[in-house]
Amino acid sequence: MSSASGGLKPTELYELTRIAEPGAARILAKCEFKNPTGSHKDRVFSYMIDELEARGAVRPGMTLVECSTGNGGAALSRVGAERGYKVVIIMPTGMTEERKKQIESLGGTILETTGEGFLLESEDTARRYVEENPGSYFLDQSTNELNWRSWRLCGEEIVASLRERGIRPDHFICSIGTGGTFTGIADVLKSAFPDVVTTAVEVDRSAALYAKRKGLKFEHQAHNLMGLGPGKMPANLREELVDEVELITGDDGWATMKRLISEEDLFVGPTAGGNVFAAQRLARRLGPDKVVVTVLFDSAWKYFSIWDGTYRDYETGSAGTGNGA
């Protein structure tokens with residue numbers, strides 16, 4: 001198996017045992033929260049910069065621009081600092097203080113857009129920024145297919161780990177934001193294990209794919225699972241790889257996150273909790289002798305300032321929304 005892009009080490013595929021339920025399927029979780037900046041986004045931006053440099057699209061000294069609610073911003077700032085780029089992160093207001101401080105500590109500059117416009121407004125702002133600032137480049141993880149391609153290596157790591165243990169997975173279940181993580185991993189798993197069933201998970205208050213498949217009118221509403229529900233269909237999601245779609249609530253994610261911390265000693269964030277909640281629900285339905293694979297996205301310390309699960313606009317004190325990546 002090849003080493004991870006950008007010098008990243010493969011992460012552990014961990015079996016949940018302490019919260020495992022009698023008579024339910026086994027659940028194995030890929031520990032992406034153990035990457036250098038504490039999230040899965042390190043994979044994306046290490047890979048993207050590798051590829052863009054090889055193509056001659058970017059070079060040290062340029063300014064790299066990205067839209068992010070924090071994880072991607074920190075990951076890009078880390079790579080930028082290592083390779084000699086300036087980094088500008090366009091971020092909706094109301095994101096956690098921990099995420100902002102991490103980006104700034106890694107040398108990134110934050111430009112905030114309104115909470116109401118969330119990432120859609122941030123993307124428009126990023127495009128204007130590169131038009132007005134020669135020598136800058138908008139990576140655009142939301143639509144750039146290098147996003148999902150970066151996740152193929154993670155899928156290969158999962159396949160290698162499963163084969164080393166003599167395990168054939170029955171289901172892959174993962175929530176979607178940009179759609180890159182789900183697509184890249186599902187693509188590899190379906191190739192290696194043709195019978196695997198894939199389930200995309202969305203937060204109930206911003207479920208664009210679920211609405212599309214059910215013939216419902218899509219309406220985005222504020223929610224508290226930062227990283228999910230960006231308010232549009234994810235461009236990096238290859239829909240043909242999605243067999244099923246399920247919904248979770250913000251409360252599902254936050255409650256399960258705290259169980260993972262206290263019972264499994266996994267210091268993860270609420271979207272990881274949401275993935276495990278959905279995986280547990282599926283595992284009950286499947287019963288024993290089946291295997292479910294999921295992903296643990298980011299770290300709990302990124303949420304200390306909002307430990308009650310309520311995002312807030314730090315300037316006005318009004319309830320905010322968690323969106324994006």
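Biologist: Why is I19 called buried?

Modeller: I19 has a relative accessible area of 3%, and a residue counts as buried under 20% relative accessible area, as exposed over 50%, and as partly exposed in between, with a 1.4 Å probe and the protein chains only. The value of 3% therefore puts I19 in the buried class. This is a predicted model, in which local features need pLDDT of at least 70 and side-chain atom pairs count only at pLDDT 80 or more, while totals for chains, interfaces and linings use all residues. Residues are numbered from 1 along each chain as its sequence is written, and side-chain values use heavy atoms, with hydrogens and water left out.

Biologist: Where does I19 sit, and which residues does I19 touch?

Modeller: I19 belongs to the loop between β1 (13-15) and β2 (26-31), where helices (H or I, at least four residues) and strands (E, at least two) are DSSP runs numbered from the N terminus. Leaving aside residues up to four places away in sequence, I19 touches R259, L260, E263, E264, V276 and Q280, a contact being heavy atoms within 4.5 Å. Y303, on the other hand, is 284 residues from I19 along the chain, and the C-alpha atoms of the two are separated by 22 Å.

Biologist: How do you know whether D265 and D289 are buried or exposed?

Modeller: D265, in the loop between α9 (250-264) and α10 (270-286), has a relative accessible area of 62% and is therefore exposed. D289, in the loop between α10 and β10 (291-296), is at 75% relative accessibility and so counts as exposed too.

Biologist: What makes the backbone at these two positions worth a remark?

Modeller: Neither residue is a glycine, yet D265 has a positive phi of about 60° and D289 one of about 70°. Most residues other than glycine have a negative phi. A positive phi is also found at G107, which follows helix α3 and has a value near 95°.

Biologist: Which residues of α3 are buried, and what do they pack against?

Modeller: In α3 (residues 97-105), the buried residues are E98, R99, K100, Q102 and I103. The buried residues of this helix pack against α2 (71-83), β4 (86-92) and β5 (109-113).

Biologist: What makes E116 exposed?

Modeller: E116 has a relative accessible area of 68%, and this value places the residue in the exposed class. Its place is in the loop between β5 and α4 (118-132), and its C-alpha atom is separated by 25 Å from that of S77, which is 39 residues away along the chain.

Biologist: How do you know which strands pair with β10?

Modeller: Two strands pair if DSSP finds at least two bridges between them. Six bridges join β2 to β10, and these strands run parallel, with V291 in β10 as the bridge partner of R26. Two bridges join β7 to β10, also in parallel, and here V293 in β10 is the bridge partner of F172. With two bridges against a requirement of at least two, β7 and β10 therefore count as paired.

Biologist: Why is the protein chain called as compact as a globular protein of its length?

Modeller: The chain has 10 helices and 10 strands. Its radius of gyration is 19 Å, close to the 20 Å that the globule rule gives for 325 residues, so the chain is as compact as a globular protein of that length; the radius is taken over C-alpha atoms, and the rule is 2.2 Å times the number of residues to the power 0.38. Buried residues make up 61% of the 325 residues. Among contacts between residues at least 6 apart in sequence, 74% join residues at least 24 apart.
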